[in-house]
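Please keep the sequence and the coordinates at hand while reading.

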Amino acid sequence: KNLCEIDNIKGCTREPQEVLITLGEIGKGIILRDVPGIGESIERGEEYRELYKNMIPELDAIIWIFKADDRALEAEERTYKEIFDKNFPPLVFVINQIDKLEPLFDWEINANKPGKDKQKNINEKIKIVSEQFDFSEEWIIPISSTQKYNLATVIDKIVERLPSSKKIAFVNNVEEEII
């Protein structure tokens, strides 16, 4: 679902946008925070890194989303190395838009999965992110939200990372078509 303001061309998230996912009781559940993405500009990058530093102690888990077809990860890598230390909350890297990786039309429609050559590129992207961020491949999940590919896997990994008290609220709000 598009729960937060988005724009395909320019950055539009300037302040964290919050969405409460409830378990049925008013005020009980988890809060998803959509924060501004890094790499928009030098000035914004400094502002956003400061926001991240201040916000991290309040978080139970972090879902960091990368675009699959973006090879330039310098801003993300710098942010990760400057801000995250051994005490950061559990983290899941999500590589989105894998359907846009080359070869562009290598998608098995009936099986709804990447073709052989695209899968090789996805595996290479996971390896690069793992090495660049010194982060386990186990927690780097490739998805395509438009193709609804691998969404159940990313949900499973997020649930694994959440504190026990937050798991039920999160799972109960996942659309049935995803799981």
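What follows treats a helix, the strands, the core, the salt bridges and some backbone details in turn. The model is a predicted one, and the descriptions below should be read with that in mind.

Helix H1 runs over residues 42–55, and its 14 residues reach 20 Å from the first C-alpha to the last, which is close to the 20 Å expected at 1.5 Å a residue. Within H1, the residues Gly45, Tyr48, Arg49, Tyr52 and Met55 are buried. Because the buried residues of H1 fall within an arc of 130 degrees when seen down the axis, they line one face of the helix. Glu43 and Asn54 lie on the other side of H1, where they are exposed.

The loop between H1 and E3 holds isoleucine 56, a residue that counts as buried because its relative accessibility is 12%. Apart from neighbours within four places in sequence, isoleucine 56 is in contact with Ile62, Ile83, Phe84, Phe88 and Pro89.

Strand E4, residues 91–96, is mostly covered, with six of its six residues buried. Leu91, Phe93 and Ile95 point one way from E4, while Val92, Val94 and Asn96 point the other way, and burial applies to all of them.

E4 pairs in the parallel sense with strand E3 (residues 62–67) over six bridges, and in the parallel sense with strand E7 (residues 140–142) over three bridges. Phenylalanine 93 of E4 has tryptophan 64 opposite it, and phenylalanine 93 also stands opposite isoleucine 140 in E7.

**The nonpolar core**

The largest nonpolar core has 37 residues, and those with the most contacts inside it are Tyr80, Phe93, Val129, Phe133 and Phe135. At least two residues of this core come from each of H1, E3, helix H2 (74–83), E4, helix H3 (116–133), E7 and helix H4 (151–161). Tyrosine 80, when residues up to four places away in sequence are not counted, touches Trp64, Phe88, Leu91, Phe93, Phe133, Asp134 and Phe135.

**Salt bridges**

Side chains of opposite charge can pair when their charged atoms come close. In this model the count comes to eleven salt bridges, and the table sets out three of them.

| Pair | Distance between N and O |
|---|---|
| Glutamate 18 and arginine 33 | 2.9 Å |
| Arginine 49 and glutamate 82 | 3.4 Å |
| Arginine 44 and glutamate 40 | 4.0 Å |

The salt bridge of glutamate 18 and arginine 33 links distant parts of the chain, since glutamate 18 is in strand E1 (residues 17–22) and arginine 33 is in strand E2 (residues 29–34), 15 residues apart. Arginine 33 counts as partly exposed, at 29% relative accessibility.

The salt bridge of arginine 49 and glutamate 82 has one member in helix H1 and the other in helix H2, so the pair ties together parts that are 33 residues apart in sequence. Arginine 49 counts as buried at 4% relative accessibility, whereas glutamate 82 is partly exposed, with a relative accessible area of 44%. Both residues belong to a network of salt bridges that links Glu46, Arg49, Glu74, Arg78 and Glu82.

In the remaining pair of the table, arginine 44 is partly exposed with a relative accessible area of 24%, and glutamate 40 counts as partly exposed at 36% relative accessibility.

**Backbone details in the loops**

Proline 103 is found in the loop between E4 and strand E5 (107–108), and the peptide bond that leads from glutamate 102 to proline 103 is cis, with omega near -10 degrees.

Aspartate 134, in the loop between H3 and E7, has a positive phi of about 50 degrees although it is not a glycine. Aspartate 134 counts as exposed at 69% relative accessibility, and it is also among the residues that tyrosine 80 touches.

Asparagine 150 has its place in the loop between E7 and H4, and its phi is near 70 degrees, a positive value in a residue other than glycine. With 21% relative accessibility, asparagine 150 counts as partly exposed.

How values were computed: Residues numbered from 1 in each chain as written. Predicted model: local features only at pLDDT ≥ 70, side-chain atom pairs only at ≥ 80, totals over all residues. Heavy atoms only, no water. Helix = DSSP H or I, 4+ residues; strand = E, 2+ residues; numbered from the N terminus. Expected span 1.5 Å × (residues − 1). Buried < 20%, exposed > 50% of the residue type's maximum accessible area, 1.4 Å probe, protein only. Arc of directions from axis to C-beta. Pairing = 2+ DSSP bridges. Core = buried A, V, L, I, M, F, W, Y, C linked by side-chain atoms within 4.5 Å. Contact = heavy atoms within 4.5 Å. Salt bridge = Lys/Arg side-chain N within 4 Å of Asp/Glu carboxyl O.
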